[in-house]
Amino acid sequence: MLTGLPGDPVILLGVINTKLRDFYKDLDTLCDDMNIDEKELTDKLASIDYEYDAGRNQFV
């Protein structure tokens with residue numbers, strides 16, 4: 001679930017990338033800590049052509 005996060009995928013992208021940069025070592029840790037469904041998040045960001053890059057620890 002993405003409860004409490006922005007519904008607009010572009011704004012969501014900024015929020016998630018900021019959290020990954022500042023607070024989390026990887027996407028799994030972010031999703032576990034924030035109780036986010038990883039597939040739902042990645043699908044939402046894929047809808048605007050962004051995919052998670054583990055090497056950069058951000059959606060690009």
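**Salt bridges, helix packing and the core**

Analyst: Happy to! Lys39 and Asp43 are both part of helix H3, and they sit four residues apart, about one turn of the helix. Please keep in mind that this is a predicted model.

User: What kind of link do the side chains of Lys39 and Asp43 meet in?

Analyst: Lys39 and Asp43 both belong to helix H3, four residues apart. A side-chain nitrogen of Lys within 4 Å of a carboxyl oxygen of Asp is what counts here. For Lys39 and Asp43 the N to O value is 2.8 Å, and the link is a salt bridge.

User: At what angle do helix H2 and helix H3 pack?

Analyst: Two packed helices are described by the angle between their axes and the distance between the axes. Here, H2 covers residues 27–34 and H3 covers residues 38–46, and their axes are 10 Å apart. The angle between H2 and H3 is about 120°.

User: Which residues in H3 do Leu27, Asp28 and Cys31 meet?

Analyst: Leu27, Asp28 and Cys31 are the H2 side of this contact. Taken together, the residues of the contact divide into three nonpolar, one polar and two charged. On the H3 side, the residues are Glu38, Leu41 and Thr42.

User: Where does the largest share of the largest nonpolar core come from?

Analyst: This core has 14 residues, and Leu12, Ile16, Leu30, Ile36, Leu41 and Phe59 touch the most other members. Helices H1 (9–22), H2 and H3 each supply at least two residues of the core. The largest share is four residues, and it comes from H1.

User: Is Phe59 buried or exposed?

Analyst: Phe59 is found in strand S2, residues 58–59. Leaving aside neighbours within four places in sequence, its contacts include Leu13, Ile16, Leu20, Leu41 and Tyr52. Buried requires under 20% relative accessible area. At 3%, Phe59 is therefore buried.

User: How far apart are the C-alpha atoms of Phe59 and Leu27?

Analyst: Leu27 is among the residues in contact with Phe59. Along the chain, Phe59 and Leu27 are 32 residues apart. Their C-alpha atoms are separated by 9.6 Å.

User: Which residues does Asn17 touch, not counting those up to four places away in sequence?

Analyst: Asn17 lies in helix H1. With a relative accessible area of 16%, Asn17 is buried. Not counting residues up to four places away, Asn17 touches Gln58 and Phe59.

User: And Leu45: is it buried or exposed?

Analyst: Leu45 is found in helix H3. Not counting residues up to four places away in sequence, Leu45 touches Pro9, Leu12, Leu13, Tyr50 and Phe59. Its relative accessibility is 0%, so Leu45 counts as buried.

Terms used: Residues numbered from 1 in each chain as written. Predicted model: local features only at pLDDT ≥ 70, side-chain atom pairs only at ≥ 80, totals over all residues. Heavy atoms only, no water. Axes fitted to C-alpha atoms, helices over the stretch in contact; angles between N-to-C directions. Contact = heavy atoms within 4.5 Å. Nonpolar A, V, L, I, M, F, W, Y, C, P; charged D, E, K, R; others polar. Core = buried A, V, L, I, M, F, W, Y, C linked by side-chain atoms within 4.5 Å. Buried < 20%, exposed > 50% of the residue type's maximum accessible area, 1.4 Å probe, protein only.
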